[in-house]
Amino acid sequence: MPQDAVFPPNVSSSQVMALLKSVKDEGAKVDAAKLADDFGFDLKSMLPILNVAEMLGLITVDGGDITPTSLGSRIIKEGTSGFKLLKDNISRFEPFKTALELSKKSSYVTSREISEALKEKGIVFSEDEEENENIVEAVLVHWAIYANMLKYNGKTAVFSKASD
């Protein structure tokens with residue numbers, strides 16, 4: 001995997017959880033096209049969700065068939081609290097990697113600081129600075145909180161490292 005693999009910002013944890021639940025409801029192996037149809041999506045719209053679930057080691061996709069991995073099955077069983085099991089997997093990807101690095105150096109960190117550090121690494125989600133910060137914040141809120149990597153204070157808009 002490249003050193004700075006970037007997490008797709010357009011996929012939420014709830015979408016991946018819905019995918020996992022649907023795979024569980026359908027059985028051990030599910031046809032990707034049928035699942036996309038069940039969601040009311042075309043397969044192309046479903047691909048980012050499938051890619052994230054596969055990146056995180058929750059499913060395998062082989063010949064159009066989706067199969068949950070043992071980790072995916074554990075998360076299905078535990079529900080959203082099971083996302084804590086993803087902490088190590090998610091921390092390999094940006095912006096999580098940078099957010100964790102910065103939160104270890106300081107007691108808190110803002111999405112602006114994370115966004116600026118990512119920009120220094122050549123990682124930008126949007127050329128508009130404010131939009132870029134909003135994307136970074138949204139991705140961290142959607143994933144890092146569920147995975148118990150970071151805590152977020154909505155009043156002050158700062159992230160801090162979650163206790164282990």
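Where is the place of N148? N148 sits in the loop between α8 and β5. This is a predicted model.

- Most residues other than glycine have a negative phi, and most peptide bonds are trans.
- N148 has a positive phi, near 60°, and is a residue other than glycine.
- N148 is partly exposed, with a relative accessible area of 27%.
- A157 also has a positive phi, of about 55°, although A157 is not a glycine.
- The loop between β5 and β6 holds A157.
- The relative accessible area of A157 is 30%, so A157 counts as partly exposed.
- A cis peptide bond runs from E94 to P95, with omega near 10°.
- P95 belongs to the loop between α5 and α6.

**Helix α6 against helix α7**

- Two packed helices are described by the angle between their axes and the distance between the axes.
- Helix α6 spans residues 96-105 and helix α7 spans residues 111-120.
- The angle between α6 and α7 is about 120°, and their axes are 10 Å apart.
- Angles of 65 to 115 degrees count as roughly perpendicular, and those over 145 as roughly antiparallel; α6 and α7 are therefore oblique to each other.
- The crossing of α6 past α7 is right-handed.
- On the α6 side, T98, A99 and L102 make the contact.
- On the α7 side, the contact residues are E113, I114, A117 and L118.
- Sorted by class, the contact of α6 with α7 has five nonpolar residues, one polar and one charged.

**What covers α6**

- Buried residues in α6 are F96, T98, A99, L100 and S103.
- Helices that cover the buried residues of α6 include α5 (87-90), α7 and α8 (129-144).
- Strands in that cover include β4 (109-110), β5 (150-153) and β6 (158-161).

**Helix α7 against helix α8**

- α7 packs on α8 at an angle of about 105°, and the axes are 9 Å apart.
- That angle makes α7 roughly perpendicular to α8.
- α7 brings S111, R112, I114, S115 and L118 to the contact.
- α8 brings E129, N132, E133, V136, E137 and L140.
- The contact of α7 with α8 divides into four nonpolar, three polar and four charged residues.

**The three-stranded sheet**

- Three strands form an open sheet in the order β1-β3-β2, with antiparallel pairing.
- β1 (30-31) and β2 are the edge strands, and each pairs on one side only.
- β2 (residues 59-62) and β3 (residues 65-68) run antiparallel and are joined by four bridges.
- I59 has P68 of β3 as its bridge partner.
- V61 stands opposite I66 in β3.
- In a regular strand the side chains alternate between the two faces of the sheet.
- β2 and β3 make a hairpin, with two residues between them.
- G63, in the turn, has a positive phi of about 60°.
- Helix α3 (residues 43-55) lies across β2 and β3.
- α3 runs at about 120° to β2.

**Two buried residues**

- S13 is in helix α1 (residues 13-26).
- The cut-off for buried is under 20% relative accessible area; S13 has 2%, so S13 is buried.
- Leaving aside neighbours within four places in sequence, S13 is in contact with F83, H142, W143 and Y146.
- F159 is part of strand β6.
- F159 is at 0% relative accessibility and therefore counts as buried.
- Beyond its neighbours within four places in sequence, F159 has contacts that include S107, Y108, V109, S111 and I114.
- Other contacts of F159 include E137, L140, V141, L150, K151 and Y152.
- F159 and I145 are 14 residues apart along the chain, and their C-alpha atoms are separated by 9.5 Å.

Methods. Residues numbered from 1 in each chain as written. Predicted model: local features only at pLDDT ≥ 70, side-chain atom pairs only at ≥ 80, totals over all residues. Heavy atoms only, no water. Axes fitted to C-alpha atoms, helices over the stretch in contact; angles between N-to-C directions. Parallel < 35°, antiparallel > 145°, perpendicular 65-115°, else oblique. Left-handed = near helix turned anticlockwise from the far one by under 90°. Contact = heavy atoms within 4.5 Å. Nonpolar A, V, L, I, M, F, W, Y, C, P; charged D, E, K, R; others polar. Buried < 20%, exposed > 50% of the residue type's maximum accessible area, 1.4 Å probe, protein only. Pairing = 2+ DSSP bridges.
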